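Look over the model first.

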Amino acid sequence: MQERAPQPMQRTRRGPTRRTALAVGAAGAASLPLVALWRRGLRSRAVHGEELPELVEPARAGRSAHLIPNVPVIDHRGRERLFYDDLVRDRIVAIHFFTSRGETLYPILDNLVRVQRLLAHRFGKSLFFRSVTLDPEHDTPERLAELARDKGVGPGWDFLTGKRENLAFLKGYLFLQRPTLTSRPSATPEVSCCSGGLVRYGNESLSRWGSFPAKVTPEFIATRFQWIGFREEDCPRVG
Amino acid sequence: MARSESRRSLLRGAFLVPSALLKRTSPPASPEVQEEFPVGIGQPQPDVPARTLFLPDGIPMDLEIQPSPSVTPFVMDLPIPPIAIPVRGTNGSLETGHESLTDPYGNPAPKDIVNPTPVYAEGKPDPRTHQQWASYVPKKYYQVNISQFFHNYHDELTALSPGGLGTATWGYGGSAPGPTFIVFYGEPILVRMANALPDCSDPVQAATLPPFGVPSTSTHLHNAHTPSESDGFPMDFIDPGQWHDHHYVNIPAGSDWRERMTSLWYHDHRMDFTAPNVYAGLTGFYFYFDDPADASIPDNYKDTGDEEDAGTLRLPGKFVRDAMGNVTGRLWDIPLMLHDVLFDQEGQAVFDVFNTDGILGDRFTVNRTVQPKLTVERRRYRLRIQNGGPSRFYDLHLTDQNGVPIPGLQFWVLSSDGNLLPKPLPKDSIQLSVAQRHDVIVDFSLVPAGTTEVYLYNALEQIHGRGPTGRNLLEIDPNVNRDALMRFDLVAASAADPSADPATITALREMPDDRDDLERLRFQVTTATPSDYTTDSVQVPTVGGGMKTLTRKYLQWVDGNGMTQNVYVREFVFDYDGGLWTINGMAADMTEIPIVVDPGAHEVWHIKNSGGDWSHPVHIHFEEFRLIEFNGLPISDDDPRDGRKDVLTIGPGEDGIAFFRFRDFEGHYIIHCHNVIHEDHAMMLRWNIGLNRDVGHHSDPDAARWCNGVYIPQPVPTPRED
């Protein structure tokens with residue numbers, strides 16, 4: 001069905017060598033991922049001493065591999081997952097960022113749960129939601145598991161946490177929004193997420209990506225997964 | 001094919017990046033060094049971080065990190081889009097053309113990558129699905145296939161492309177821009193748009209798609225007075241293999257000749273995907289003319305399209321016709337569609353699907369050709385300049401080869417958006433936000449004999465997609481000519497110029513309302529206290545079968561005819577919230593009807609930008625407006641906005657007050673930001689004229705959309721327990 005990209009650096013799927021921890025100046029083996037970092041401006045941050053994300057070579061690069069960073073995250077069941085390899089590739093997904101504390105100020109999960117109810121028959125089979133926290137110190141896997149239970153989140157929907165730099169890198173990649181001259185730092189940065197109203201959705205294997213507002217009518221959201229799914233067979237793999 | 005596969009592998013392999021880019025990972029130049037390099041758009045310096053393209057926090061632009069390949073400017077000829085040719089019936093008649101709408105005659109053969117045969121859209125149009133069909137029976141029929149093909153943006157870019165084929169592009173009728181419609185007031189037409197784009201359910205076809213957009217379209221005729229079912233509502237989309245009939249009635253609003261328009265364009269308006277689909281190539285022109293025999297408009301206000309028609313406006317231009325009488329071209333009348341595009345190292349268009357601010361390209365294209373040249377005679381030309389987006393604003397100047405304005409050479413502005421202005425306005429520069437148009441007359445006979453080149457240059461700096469900075473690049477760009485949008489090469493005139501001198505045109509178009517009457521309305525609206533308003537309410541359906549109540553307010557205004565009118569007053573605040581671009585705090589939801597306008601109503605819409613760092617070109621479908629106030633001041637009569645408009649551009653903190661009449665048709669329409677990235681990220685509201693038509697449309701689980709001439713039930717999911 002699709003040609004597969006050559007895999008220049010085969011790595012063991014599991015184990016300590018699978019990660020390419022990046023550092024400025026490691027322009028040799030890690031040079032290509034560095035370009036990807038450069039693309040989103042991480043270069044300047046690295047210069048200023050911030051930590052770099054643990055970007056991992058995808059085991060197999062699908063059509064959206066250049067769009068979705070493959071960084072380690074931890075789901076609300078406590079499992080370590082690679083964001084692109086394990087959670088996005090070959091799937092139809094919706095991805096958004098949130099914080100459980102921010103939910104009280106800017107609630108969006110309840111509306112997405114309504115969408116899940118409408119599409120329950122596809123969840124976990126041909127449709128997946130990825131909710132990524134930006135408050136990992138507070139939103140531990142245990143807290144996220146509790147939240148998932150409270151909200152009635154079912155199979156195919158992962159709440160994700162992990163290292164702050166990995167999550168921040170993911171968000172920087174998926175939500176290219178620059179600070180404005182008039183934007184002010186939030187009084188409570190740990191619970192703010194300026195992209196909270198927006199959800200990215202896409203079909204990885206076809207590389208079709210769009211966005212929808214998290215708060216609009218659930219039925220209006222639910223129709224979208226047909227727009228990019230084209231047919232059920234387009235996303236047959238089960239995660 | 002081998003090269004094509006390698007390209008696709010490159011796209012998929014996140015970490016296979018051309019080695020030429022690796023050196024860009026070297027440590028950044030110090031800020032002091034960066035300060036020395038202002039840059040225009042034409043050809044970014046390959047290895048120097050450009051100061052003006054960097055943002056305060058150091059995040060570089062895509063176009064700076066991976067600039068388009070360098071190409072030689074002004075070597076490509078400006079292509080003129082083909083003229084759309086109507087379908088003829090079996091007896092050769094245009095009026096019976098719908099008999100043979102299965103025949104793609106009239107379309108250039110689609111250069112489709114996948115489907116060598118175009119879509120044959122079966123079936124005659126169904127009059128029952130169109131408002132007032134009997135009043136406006138189409139006199140001409142067109143069929144346009146929307147397909148994917150390889151396009152030549154520039155020979156040097158095409159040479160870089162896999163197989164030397166060009167850039168994967170979507171277009172109407174096999175070309176980008178699509179075919180230009182030449183239409184006359186009083187002559188309704190029907191245009192069947194058929195989607196022949198690659199079908200994603202076929203893996204082979206899906207693999208050919210450019211890496212952005214969805215092959216699903218809804219074609220909007222921008223600024224036209226169109227019944228709702230033909231307007232190109234974002235949810236009236238068609239998928240590959242489907243078609244949609246657009247009934248363009250071609251009447252001026254209210255059948256008032258003063259509301260006649262000139263230059264329109266059509267483009268894709270697909271929900272969520274307008275920006276990438278338009279970027280992929282889905283734009284085209286639609287020009288109105290007046291029939292010399294039409295008695296419903298005074299002769300001296302007619303734009304017949306022929307500069308030799310005595311007693312009419314005699315704007316530059318003349319039709320070229322074939323043996324059958326079909327218009328096949330225009331002389332002295334040049335459409336210019338502006339898009340800025342970013343290309344990858346293989347000459348393919350690059351689009352950032354995760355950018356919410358706006359997309360900027362680093363190559364100017366005119367009629368989808370990078371920095372073209374056009375040979376012009378030393379005479380008057382009519383240029384129809386259209387900013388096709390997606391996000392760039394322009395401030396256009398005419399300069400000589402030294403980057404110096406040419407004395408006496410001006411833009412004589414004829415129109416602002418679709419309408420002719422009261423009189424031509426001489427301007428040294430013209431400003432175009434996204435989707436705006438200006439028809440201008442440029443008199444190349446005024447260029448001194450020693451000057452043989454005239455450049456069209458954009459002086460407006462824009463470093464991010466949210467809007468321009470306002471800085472003038474003409475003074476700091478050392479490469480004005482190289483960075484120009486296009487070049488005009490002057491040759492001697494072949495004949496005398498029979499067109500009217502714009503300086504002598506004192507009456508181009510009458511206005512439907514006197515300035516005094518509008519000034520009175522402005523005063524009333526801006527000084528009204530709550531007790532001056534009367535309120536009423538209307539019940540609208542909601543998803544799930546419920547109803548909600550909308551309250552409205554109006555005041556009374558005595559119009560120029562002495563009639564007392566109820567004028568509804570509304571406010572639209574364009575803002576930003578939680579990653580979304582919003583209007584009145586709301587994000588685009590086509591199942592919601594937050595605004596109901598009564599058929600025939602008079603309304604005043606106060607449109608505000610509450611942001612401090614972004615600009616929004618606000619577009620309202622269906623009816624044009626008169627701008628009666630901008631930033632607290634009335635509009636002066638030498639302002640190009642002192643006409644009828646469909647786009648109101650509001651910069652940071654700005655606001656404008658627009659006056660409308662909603663006439664002739666009913667149904668669903670929208671107001672949105674025409675920075676199409678903002679539009680796709682929810683800066684759009686639905687509004688309805690009346691509640692008699694299209695009300696259940698997308699607003700309940702049985703919602704339908706117009707497709708193949710009928711409502712197609714939308715398979716909206718219903719809860720199901722596994």
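This is a predicted model: local features need pLDDT of at least 70, side-chain atom pairs count only at pLDDT 80 or more; totals for chains, interfaces and linings use all residues.

Strand E23 (residues 486-491) of chain B is largely enclosed by the rest of the structure, because five of its six residues are buried. Buried means under 20% relative accessible area, exposed over 50%, partly exposed in between (1.4 Å probe, protein chains only). Strands (E, at least two residues) are DSSP runs, numbered from the N terminus. Two strands pair if DSSP finds at least two bridges between them. The pairings of E23(B) are these:

| Strand | Sense | Bridges | Residue and its partner in E23(B) |
|---|---|---|---|
| E15 (residues 373-377) of chain B | parallel | five | B:Lys373 and B:Arg487 |

Residues are numbered from 1 along each chain as its sequence is written, chains are lettered from A and ligands numbered from 1 in the order written, and side-chain values use heavy atoms, without hydrogens and water.

Next, a side chain in chain A. A:Asp158 lies in strand E5 (residues 157-161). A:Asp158 is buried, at 5% relative accessible area. Its side chain makes a polar contact of 2.9 Å with that of A:Arg130. Such a contact is a pair of N or O atoms within 3.5 Å; within protein, one must be able to donate a hydrogen and the other to accept it, and residues adjacent in sequence count only if both atoms are side-chain atoms.

How values were computed:
Helices (H or I, at least four residues) and strands (E, at least two) are DSSP runs, numbered from the N terminus.
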